[in-house]
Amino acid sequence: MLCQDPLSTEWDCPLGSKDLDGKEGPWKEGAPLPPTGCFPGPWRQDVSLDCKGSPEEAEARAWTLYYYGLLQSCLQQAGLPETQDRSQAPRTGRPGAEVTLCILGSPSTFLSLLLEGGVQNPGNMLLCLSPAWLMKVAAPGQEGEASLLVSKAVSFYPGGLTFLDDFVPPRHATYFLAGLGPESGHGREAAELARNLACPTGASAELARLLEDRLLTRWLLSQQTDVAVPATLAFTYRPPGLLRGGDASPGLRLVELSGKEGQETLVKEEIEAFVHSEALGEASQVAVRLSGWRWRGQQALRLHLRVEPSAVVNTVLALLEKLEEEESVLVEAMCPPARLPLPGSPAPGPELAVRICAVVCRIQGDRPLLSKLHLVESDPNHFASQLVQTFIHFDVTEHRRDEENAKLLAELVRARNLKLDGCFSFWDDCLVLTALLCRELGLPCSPPAAMCLAKQKSRTQLHLLRCPGPPWPATSLHAVACCPLESEADVERAIDQVPLPGVMKLEFGSGAVGVQLVKDGPQCHEHFSRILHDLQGEADHPGIGLGWGNAMLLMEFVEGTEHDVDLVVFGGRLLAAFVSDNGPTRLPGFTETAACMPTGLAPEQEAQLVQAAFRCCLSCGLLDGVFNVELKMTGAGPKLIEINPRMGGFYLRDWILEIYGVDLLLASAMVACGLQPALPAHPRARGYLVGIMCLVSQHIEMLSSPSIRETLQALHDQGLLRLNLLEEALIPGQYEEPYCNVACAGPSPAEARLRLLGICQGLGIDRPNYPVAHFLSHFK
């Protein structure tokens, strides 16, 4: 039985009463309204969603608007056009003569079916977003049965085209499928519409209740001797008839409760016996969750150490109060994530320890388009102060005052009468400030809340973990377990919640500074204390995000190959994506070593990474900009490392310009000004680049040699290699970033790799403690 529930330290579930009759909504306690603001996008909001002759109340209309926004979001993410409203010209036809396949439910749940239906039967695959768009009438000559009439629907056609249509006269449904899950906002109405129809139907309330009960499914599976289920202890309150009687499975114990109160002694005895039983095997943790159709997919689970049964008892007793009839609390073995080998992966190797420019482009008629640059900078003597139209000296290093600083900067802009078309930044620390300033000045930009969400790594992951869908596939599939850390107590709590080994890093950090692989509790405490002592503020290591503080997080370490995905997004639409591969990092510190572009992944894996990166950005509210997303391709699909809500750093802009002819700097400027960049939908690569990082700790002698530096520059000028200087000075330190990147081009990754390897061996970049051949092994 596969589980997609997120790991969490808090219950992320609504605790109101919900049933198939839809008496209370599943989103808020006791509130029948859907969430608001979930699907921001550029689509039209003035479409006609009312059905003539069947007005909706406010609550029902809110659900219709929600589902319409969800449909547009799904179409947008699939690269399909917005739904066109043609309801002002009603569709006519021959009532009863057409095939009419009608679906009432969540657009994301049924999107693939709807799209395929639009191909095979254009105009006859209909999606109803509200029960008010349907009507039941008595079926002539069929006593006790009813016909279903469709007055309004979204019609699907080939190519993903969709139209909002009214039907006069209404169409007769020849097949009806209703979404009856706990996420439906129209549960009672959908169940009633599906009952006693003369046409075939694809679901029923009774079937949905059975299929969405986790314990019932597990119980039925356990009755088969060849089907294994996780070791489970279930406290069930007035269980359904199917769970009563029958032989118990060795790994599944049911404890039937007569009531929800006064069960402390029984619960304690059962849990004590369970955590000491052989059924748990080698599991070191147990998970506690609720079971019952109304809880399916609506909550996180809580993890507890097996050796702490008292904590398990307290959680179970707290949850018993939430149970209704036929529901259960499950205590089950926590199966750690599988460490799946990647096909074709090399054998593991040894464990080793702002640019400013003016842009001039040409528009139609070969007339130059001039850009005026206005720079805000903390350093009054910055070299770029003489290269821009206007220089504003302003201290922006204390980013916990960004709200205040944005207002002050806006006043300075107005006082100087500057007419701005856009505002953007490539500096991690200033991204939130930029978004706040854009809001003050009314300039295009992703919302400040989205920038804040993406800027703080643990918030990004936890937000995505709480997005089980819709739309599908859920972005929670790409997130990993993590916990924010601000104190030693947080570290202890995180050790219980995040599977180890894990990765400890700065919340707002960059350049992999302070990132460390931690294998157990003592290593977690040691690294946390060291970072809090060594990296307290901006002066300790400028430019890595300490202006935001030195809070940390612990996240699960996932096996897989590492990749960068650079996206250009405009109005919530993906315009272009560029995927590169990273070589093995230098553990335990995760410093980047090597890279290759374009990716060597199979096309379907590349597409998975692009979609994962794009969906994660949209889920965080990043609708406009150039974004860099770091992911791992694992045996279970793409997993997010972090989102950088700005253009990719290091060498990425130069490489993409060289290989694809696309300038991300220009794209960033255009999007910031509200202009859509004209980019090829499927850019073709001109060749391959393979590069290696040089580190001060490994190459200080070589990099200090004037002759070596002159050789590198000469080879760069001759086009024999690409040299990207990433730091200004050779300063050794405990927490280092790459000093420069050396890359070679070739018609294939193998040829580029061999050229680079030869240069590295000749110049001394390849060393016993820095085995370049190993770092490039991923690109064979």
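**Entry 1: K505**

I started with K505, which is found in strand 18, residues 502-506. The model is a predicted one, so I read each value below as computed from predicted coordinates. Is K505 buried or exposed? K505 has 6% relative accessibility, so I log this lysine as buried; the cut-off for that word is under 20%.

Next I looked up its surroundings. Not counting residues up to four places away in sequence, K505 touches K457, G514, V515, M552, L553, M555, I641 and E642. Which of its neighbours does the side chain of K505 join in a polar contact? I found E642, side chain to side chain, at 3.4 Å. I also took a C-alpha to C-alpha distance from K505 to L517. They are twelve residues apart in sequence and 9.0 Å apart in space.

I moved to strand 6, residues 162-172, where R171 is found. R171 has a relative accessible area of 9%, so I count this arginine as buried too. Where does the side chain of R171 reach a backbone oxygen? I found one at V99, at 3.2 Å. I found another at G123, also at 3.2 Å. The contact list for R171, leaving aside neighbours within four places in sequence, reads E98, V99, T100, G123, N124, L126, L148, L149 and V150. V99 and G123 are both in that list.

P169 lies in strand 6 as well. I checked omega for the peptide bond from V168 to P169. The value is near -5°, and the bond is cis. I noted the background: most peptide bonds are trans.

**Entry 2: the loop between strand 22 and strand 23**

I then went to the loop between strand 22 (573-582) and strand 23 (594-597), where P588 is found. The peptide bond from L587 to P588 is cis, with omega near 5°.

F590 has its place in the loop between strand 22 and strand 23. I looked up its phi and got a positive value of about 65°, although F590 is not a glycine. Most residues other than glycine have a negative phi. F590 counts as buried because its relative accessibility is 14%.

**Entry 3: F650**

F650 is found in the loop between strand 25 and helix 15 (652-660). Is F650 buried, partly exposed or exposed? At 35% relative accessibility, F650 counts as partly exposed.

**Entry 4: helix 8 against helix 9**

I turned to helix pairs. The axes of helix 8 (residues 402-415) and helix 9 (residues 431-441) come within 9 Å and cross at roughly 50°. That angle makes helix 8 oblique to helix 9. The crossing is right-handed.

Which residues make the contact? From helix 8 I listed D402, E403, N405, A406, K407, L409, A410, V413 and R414. From helix 9 I listed V432, L433, L436, L437, R439, E440 and L441. I sorted the contact of helix 8 with helix 9 by class: nine nonpolar, one polar and six charged residues.

**Entry 5: helix 1 against helix 2**

Helix 1 passes helix 2 in a right-handed crossing.

Helix 1 brings Y67, L70, L71, C74 and L75 to the contact, and helix 2 brings P107, S108 and L111. How many charged residues does the contact of helix 1 with helix 2 have? I found no charged residues, one polar and seven nonpolar. Background for reading the lists: an α-helix has 3.6 residues a turn, so residues three or four places apart point the same way.

**Entry 6: helix 10**

I wrote down the buried ones: P448, A450, M451, L453, A454 and K455. What do they pack against? I found helix 9, helix 11 (457-465), helix 14 (603-620) and strand 25 (637-644).

Methods
Residues are numbered from 1 along each chain as its sequence is written. This is a predicted model: local features need pLDDT of at least 70, side-chain atom pairs count only at pLDDT 80 or more; totals for chains, interfaces and linings use all residues. Side-chain values use heavy atoms; hydrogens and water are left out. Axes are lines fitted to C-alpha atoms, for helices over the stretch in contact, and angles run from 0 to 180 degrees between N-to-C directions. Helices (H or I, at least four residues) and strands (E, at least two) are DSSP runs, numbered from the N terminus. Angles under 35 degrees count as roughly parallel, over 145 as roughly antiparallel, 65 to 115 as roughly perpendicular and the rest as oblique. A crossing is left-handed if the near helix is turned anticlockwise from the far one by less than a right angle, and right-handed if clockwise. Contact means heavy atoms within 4.5 Å. Ala, Val, Leu, Ile, Met, Phe, Trp, Tyr, Cys and Pro count as nonpolar, Asp, Glu, Lys and Arg as charged, and the others, Gly among them, as polar. Buried means under 20% relative accessible area, exposed over 50%, partly exposed in between (1.4 Å probe, protein chains only). A polar contact is a pair of N or O atoms within 3.5 Å; within protein, one must be able to donate a hydrogen and the other to accept it, and residues adjacent in sequence count only if both atoms are side-chain atoms.
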